[in-house]
There are 2 protein chains.
Amino acid sequence: MTEQRQDSHRRPTISDVAARAGVSKGAVSRTFNGGKGISPGTMARIRAAAAELSWTPSTAARAVRGGPAHAVGVVLRRPTELLELDPFFAAFLAGVESALTPVGYAAVLRFVADSHTERECYEQLAGERRVDGFLLTDLRHRDPRFEWLSRLGARVVVAGSPARTCPFPWVSTGSANLVRELTRHLIAQGHHTIAHVAGTPSLRHARRRRQLWEDTLVEAGLEPGPVVTGDFTTDGGARATRELLALDRASRPTAIFYANDLMAIAGLSVLAEYGVKVPDEMAVAGFDDISLASYVTPALTTVRCDYRRMGQIAAHTLLAQLRNEEVAPQLTIGGELRLRRSTGA
Amino acid sequence: MTEQRQDSHRRPTISDVAARAGVSKGAVSRTFNGGKGISPGTMARIRAAAAELSWTPSTAARAVRGGPAHAVGVVLRRPTELLELDPFFAAFLAGVESALTPVGYAAVLRFVADSHTERECYEQLAGERRVDGFLLTDLRHRDPRFEWLSRLGARVVVAGSPARTCPFPWVSTGSANLVRELTRHLIAQGHHTIAHVAGTPSLRHARRRRQLWEDTLVEAGLEPGPVVTGDFTTDGGARATRELLALDRASRPTAIFYANDLMAIAGLSVLAEYGVKVPDEMAVAGFDDISLASYVTPALTTVRCDYRRMGQIAAHTLLAQLRNEEVAPQLTIGGELRLRRSTGA
C-alpha cells in the first residue's frame, strides 16, 4: 500500500484534529481507542475532522508500543459447505460488525481446516498482536480452545452455551426452553413416535438440541424416537429422511424434529417425493428460522434465534473487557417458537 | 493480549527456526512474506518449526518498517438481510481464505452502512497499513470505489464484471453466456411472455442479468416480458410474484426468470398458494444454485457459479500483485446451467 500524499508540507497531528473538531486531544485519542465516555455525535465530528485532514492514528506504531490492534479475531473451523447457506455465520458477523464499526475496530477473519492450523492461527493472531481478543463460535464437546486461549492470556467472549466450566464470559441464545416447547408442541399434537435428525455430533449445539428433545420426551413418559445423524447439510437431511422412511411400520415416526432448517427443508422434499403428506402423515420441524422457512410448502415450524443480536452483544462484551470493565459472566439473547403449517399449527 | 511466556531464557530467533527446519534464514523469511519460490512442503516444515519454537515474525514491527501487513481487506456495504442467506458471500470468503491461509495472510472484514463510512473505512485500512490490498465485491453502477482506491494507490482485485474501464484486474464468473442459454431454454420450451424479477438495480450484477435476459429475447424476435424489481430477498421475490400474478391475462407471463434463487423459491411458494402449477402453468428459473435449489418442489432450474473458486482466484491474483508479479487483467471462472423440473426440463 503506498502512502497517501499530503498536500500540506507537514503531516497533520492529533492537535490539528482536536482543533478542527473543537475538542481536546484526549477526546480524539479516546475516539480512536474504544470511544469510552465520548458521545456518538462527538465521535462522528472527530472522525470527520480526522478524515478531512487525512489523519489516522498509526495502528502499527501503537502495536509496537504495546497498544491495542483495534481488531477482534474470529477463527472458523468448518467445511465451506456449512458456510454457504448458514443462517448463523453471516448474521452473527453482521452483528459483531455493528458493534465494532462505531469504535473503529475491524474483524479479522480466518478459516482453518484442522485443529493444528487452528491452534497455530490463534497463536499467530495473538502473538503478532494482530487482534486484541477473540470471539469463539461453533463450540465443541470438550472444546480445546478454552485451554489454548487461557494459556495465551487472551481476552475472549464465547458465543454459545458451554457444557461446564468456561473460563470466559459467554452469550447464549437461550434456545433450550424453545426446543423443549417445540417438542411439547409435537407431543400435544398427538405424536407418540417423534424422530430426531441430529447435527454434527462434535458440535456442542447439535448435541444440546438432541439432548433437550430426548429429555422432554422422557419427561412426558414417551420413548425417544429414532435418531439419524444428518450433519446440518441439505444432502445429510435428505439422506436421514430416507433412512427414517425405510424403517418398518412399528418404529416409523409420525413427526421429525430436524436440528436445522436446511435439513428440514431437504426432508420436506424427500417426503414429497415419497408421497408422504405433511403435516397429516408426518409433522416436520426445524431450527433457525432461515428466511426460506416461511416460503417452503408447507411453511416450516421452527425456532427463531436472533444471531445478529448475539454477535452484537458478544462483541460489546468483548469491547467492555478490553476497556477493563466488569462484564456479566453470562448473557442470554432469547428467541421465539414459530409454529407453522408443517406441524399442523 | 498478554505476551506468551517463553520457557527458555532467550526468545527464539529466525536463525533458530531456520536451523530447526534445515533451511536458510531467507527461506524462513520468504515463507512468512508471501512464500515466493518455496514449495508447500518446505513451507509446512518451516511453519511447524516456527510453531514448535513459538516464533512469530512481528507484524507490528514489519508494519512500522513499511513491510506488509499480511492482510487483505474486504469491505462490504449491504444490508444484513442480504448476508444471512447469501450464497455468494460465505463461499467467496471461504475461497479467499483458502488462498490466504497457506501464506499466513488474514482477511480483515468490515461492514459499512453508507458511502461515507465506506470511504472512511478504505482510507483507514489503507492509511493505517492494516491491509496490503483489497478485494472488491458487489460492484455498483458507476462504482465510486475505483476512484477512491486508485487515489489511495491501493492494490486491488475486483470480483465481478465491471461495466467499462476498470483500473484493476478483475475476476468474473463468465455467467453472461449462461443467462443467455437459460433464456433460450425458456424460449425453446415455447414461452412467448417471459417475465423477469430483477435484483437491486444499483448492483451491477443485477443490471447485467436483466440486460442479458432482455437482449436474448430481443435477438429471438420476442418482446421482453414484464419486469418487477425484487431486491434479492425472499420477501421481495414473493411481492414481485404477486405483482406478476395480478397482471391481466394478456400481459401475464408463462415463465419467470428470477435474478436469484432466494426470490425464485419464495416465488414458488406464492405460485403454490395461488394454485398455479409449476412448470405446466408457469416455468420458474433462478440464479446461484444454492444448496436448497434441488430440494424444493419442483426442483429449481438455475445457473451454477463457483463463488468459492472466484474468491480463491481473486485472492491468488491479489497476492501475485503484492509480490509484484504480472497478473492477467481479466480472468473468468465459468459455471453451469442446471436444468431441473421447474422449467419442465
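User: Is A:Asp288 buried or exposed?
Analyst: A:Asp288 is buried, with a relative accessible area of 8%. Buried means under 20% relative accessible area, exposed over 50%, and partly exposed in between (1.4 Å probe, protein chains only). Keep in mind that this is a predicted model, where local features need pLDDT of at least 70, side-chain atom pairs count only at pLDDT 80 or more, and totals for chains, interfaces and linings use all residues. Residues are numbered from 1 along each chain as its sequence is written, chains are lettered from A and ligands numbered from 1 in the order in which they are written, and side-chain values use heavy atoms, with hydrogens and water left out.

User: OK, and where does A:Asp288 lie?
Analyst: In chain A, in the loop between E9 and strand E10 (302–305). Helices (H or I, at least four residues) and strands (E, at least two) are DSSP runs, numbered from the N terminus.

User: What's the phi of A:Asp288?
Analyst: Positive, about 130°, although A:Asp288 is not a glycine. A:Asp138 isn't a glycine either, and has a positive phi of about 50°.

User: Tell me about A:Asp138, then. Buried or exposed?
Analyst: Buried, at 9% relative accessible area. You'll find A:Asp138 in the chain A loop that runs between strand E3 (133–136) and helix H8 (145–151).

User: Switching topic: which peptide bond is cis in chain B?
Analyst: The one from B:Val278 to B:Pro279, with omega near 5°. B:Pro279 sits in the loop between helix H12 (261–273) and strand E9 (283–285) of chain B. In chain A, a cis peptide bond joins A:Val278 and A:Pro279, and omega is about 5°.

User: What does the side chain of A:Ser161 make a polar contact with?
Analyst: With the side chain of A:Arg208, at 3.4 Å. A polar contact is a pair of N or O atoms within 3.5 Å; within protein, one must be able to donate a hydrogen and the other to accept it, and residues adjacent in sequence count only if both atoms are side-chain atoms. A:Ser161 is buried, with 13% relative accessible area, and lies in the loop between strand E4 (156–159) and strand E5 (170–172) of chain A.

User: Last one: where's A:Arg210, and how exposed is it?
Analyst: A:Arg210 is in helix H10 (residues 204–219) of chain A. A:Arg210 is partly exposed, with a relative accessible area of 34%.
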